[in-house]
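Please look over the sequence and the 3D structure below before reading on. The briefing then goes through selected parts of the chain, topic by topic.

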Amino acid sequence: MSYEHVLVPIEINGLEIKNRVVRTAHGTNIGQGRVTDELIAYHEARAAGGCGLTILEAASVHPTDMGTLRLHDASVVDDYRRLMGRLAPYNMAVFQQLGHLGYEGVTADGGPPWSASEVAGPSIRRPAKSMTGDDIAELIDAFAQAARWSIEGGVHGVEVHIAHGYLLQQFMSSATNQRTDRYGGSWENRIRLVREVVGAVRETIGPGIPMGVRIGSEALGHGGVTEHDCAELVKVLADDGLIDYVNLTYGSCLRPHKIMGGMHEPPGYELEAAAPVVAAVDLPAIVTGRFRTLAEADELIARGVADMVGLTRAHIADPDLVAKSIEGREAEVRPCIAGNDGCVGGLNRGRLSCAVNPAVGRELEFPPTDSTSQSRRIVVVGGGPGGMEAARLAAEQGHSVVLFEARNRLGGAVRQAQELPTRGLLGDICDWQERELDRLGVDVQLNQTADGQSITSARPDLVVVATGATGAEIPDISTMSKGATAVVDDRFGGYEALGLAEWLATQGLAVTLTTPGRRVAANALLDLVVQPALERLQTLEVDVQTKVDSPPLADLTLTVDKHPHDPLSADLTAANLTVHVIGDAHTPGTVLTAIADAHRIDFSD
């Protein structure tokens, strides 16, 4: 494919960007607030892969917001210079996003967060301090100073974050701004702080540096900042001569699952809300919306939907997305499956990761694979995502690999899980792994239930047992009538019970979802996929009950409680074979944990 639109350079305020592919700002916490060698390596890998523009994660500009990247003192200038020096050979433009979480921020001194009024954020749940005039002046200066340090460090441009229900939007919204001074009340007053912040940043960096805003509807339905509010604001900022581009987003801290939609959202789910803002000004526009491929980006630009396209999570999954696509190797691009347990969930648990790419944020620990000087015989038992990843890695390192799979198809339990409503993308990573095994020449033997004899006869130097788990299977309901009752009892805490309950309800059963805990799917809450699922279950009239020790009687009862299935490792170890048990066979978990387990194996040992 020629990609004749997305690969055309674009100019933003005199800066030529080599293509229209953008990595929009996304929290990583890789550097724990600083630009560290680990964070530099993360961005360098994606620069080397061909991305045109990277916008660094939102940097907090003031100690009342201790964000995942902090521009609180001048030492950041040297950090930026190291970053930009490492990225320079790749000709990737780099902008810094500047922001403040407002009532969602954690302060350095333990005091209350700042906001327009004394309201509590949905996560912090602590009443904020209504900012005084002096606080506002201090904040404006902090934005300007952070912009100055960014440009002094060699960053090419800056972006002000006016989205996601954070501080500047808290001033914009009549729902959170209850002020009666010149920063509250009328629309003109509520956007005053935004205009002053953006104006101060522009005055500081000068007219020749690219500057934009990230902005978008809060997606609340009733109240909050709408796409039409955003359109009006960008017109004002453009008429003021302050901005050079707009970067569109969606959702808010009140509906965070709309900011980074999981696999339940279709590609382009943000575009309808973005359209009024894109049309409001004659400036380059960046759009996002769970896009994964260069082909999708090329089509959007060809249709005139936008000038640039965010492929952010897609680049987390595969830093070489652009280069592979240009070279005609699209099938080798490791796909983002939008499960959110690595990117969003990883950040919410401490730092960014990725379900399909364990090297994310750990590029220094995962250098490019070198072929081994001494090939070994590796046997892998089980063709789910963990087993396939182990086979792929071993083959990539030059080992001779045979994989036994008892079923007639690779993919393991994922092949069932992808049949559940909205979970189809799960299968994409297994499809990719299967293609890679074929490309690398792995000997895949389907319909082969391996036992001790078949394994030892292969004369392995090392055996990987990836035989999965039991306890979350899709039941056979072919003999059940419509309206029959079903109970799904969540004893595991992952997404599985939600998915099974939704599937049963779509098959016409009357479903009750129970758990002994306080929340169903408690271990998936940080992945921002539970709330959308619960909303769908409500539409399907599924009865969700928590703190239930004894589920009600029903025609069908499913107890979801995954248990390791490992019939081999004890005997293989007794036969003096080197054995690694991974994935659900070791500890039931997710695609993320299964694939990560495979990367912990030293195949040369």
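This is a predicted model: local features need pLDDT of at least 70, side-chain atom pairs count only at pLDDT 80 or more; totals for chains, interfaces and linings use all residues.

Residues are numbered from 1 along each chain as its sequence is written, and side-chain values use heavy atoms, with hydrogens and water left out. Helices (H or I, at least four residues) and strands (E, at least two) are DSSP runs, numbered from the N terminus.

**The five-stranded sheet**

- Five strands make up an open sheet with parallel pairing, in the order β16-β15-β14-β17-β24; two strands pair if DSSP finds at least two bridges between them.
- The edges are β16 (443–445) and β24 (579–581), and each has a single partner strand, so one side of each has no neighbour in the sheet.
- On average, neighbouring strands of this sheet are turned by 15 degrees against each other, direction ignored; axes are lines fitted to C-alpha atoms, for helices over the stretch in contact, and angles run from 0 to 180 degrees between N-to-C directions.
- Strand β17 (residues 462–465) pairs with β24 in the parallel sense over three bridges, and Val465 stands opposite Val581 in β24.
- Helix α13 (residues 385–396) lies across β14 (377–381), β15 (400–404) and β17, and runs at about 165 degrees to β15.

**The four-stranded sheet**

- An open sheet of four strands, also with parallel pairing, has the order β21-β20-β19-β22.
- Its edges are β21 (543–545) and β22 (556–560); each has a single partner strand, so one side of each is left without a neighbour in the sheet.
- From one strand to the next, the twist averages 15 degrees.
- Strand β20 (residues 510–514) and β21 are paired in the parallel sense over three bridges, with Thr514 opposite Gln545 in β21.
- β20 also pairs with β19 in the parallel sense, over five bridges, and Val488 has Leu513 in β20 as its bridge partner.
- Strand β19 (residues 485–490) is mostly covered, as five of its six residues are buried; buried means under 20% relative accessible area, exposed over 50%, and partly exposed in between (1.4 Å probe, protein chains only).

**Helix α6**

- Helix α6 (residues 192–205) has 14 residues and reaches 20 Å from its first C-alpha to its last, close to the 20 Å expected at 1.5 Å a residue; the expected span is 1.5 Å times one less than the number of residues.
- Its buried residues are Leu193, Val194, Val197, Val198, Ala200, Val201, Arg202 and Ile205.
- These buried residues pack against α3 (133–152), β9 (157–162), α4 (167–172), β10 (211–215) and α7 (227–239); contact means heavy atoms within 4.5 Å.
- After α6 comes Gly206, whose phi is positive, near 90 degrees.

**Two loop residues**

- Ser117 lies in the loop between β7 (114–115) and β8 (129–130), and it counts as buried at 4% relative accessibility.
- The side chain of Ser117 reaches the backbone nitrogen of Gln178 at 2.7 Å and the backbone oxygen of Thr176 at 3.4 Å.
- A polar contact is a pair of N or O atoms within 3.5 Å; within protein, one must be able to donate a hydrogen and the other to accept it, and residues adjacent in sequence count only if both atoms are side-chain atoms.
- Val305 is in the loop between α9 (294–302) and β13 (308–310), and is partly exposed, with a relative accessible area of 21%.
- Not counting residues up to four places away in sequence, Val305 touches Leu271, Val278, Val287 and Leu300.

**Cysteines**

- A disulfide is a covalent bond between the sulfur atoms of two cysteines.
- Here a disulfide is a pair of cysteine sulfur atoms within 2.5 Å, and by this rule the count is zero.
- Cys230 is buried, with a relative accessible area of 0%; its sulfur is 14 Å from the closest cysteine sulfur, in Cys253, which is too far for a bond.
- Cys354 is buried as well, with a relative accessible area of 12%, and its sulfur is 6.8 Å from the closest cysteine sulfur, in Cys336, again too far for a bond.
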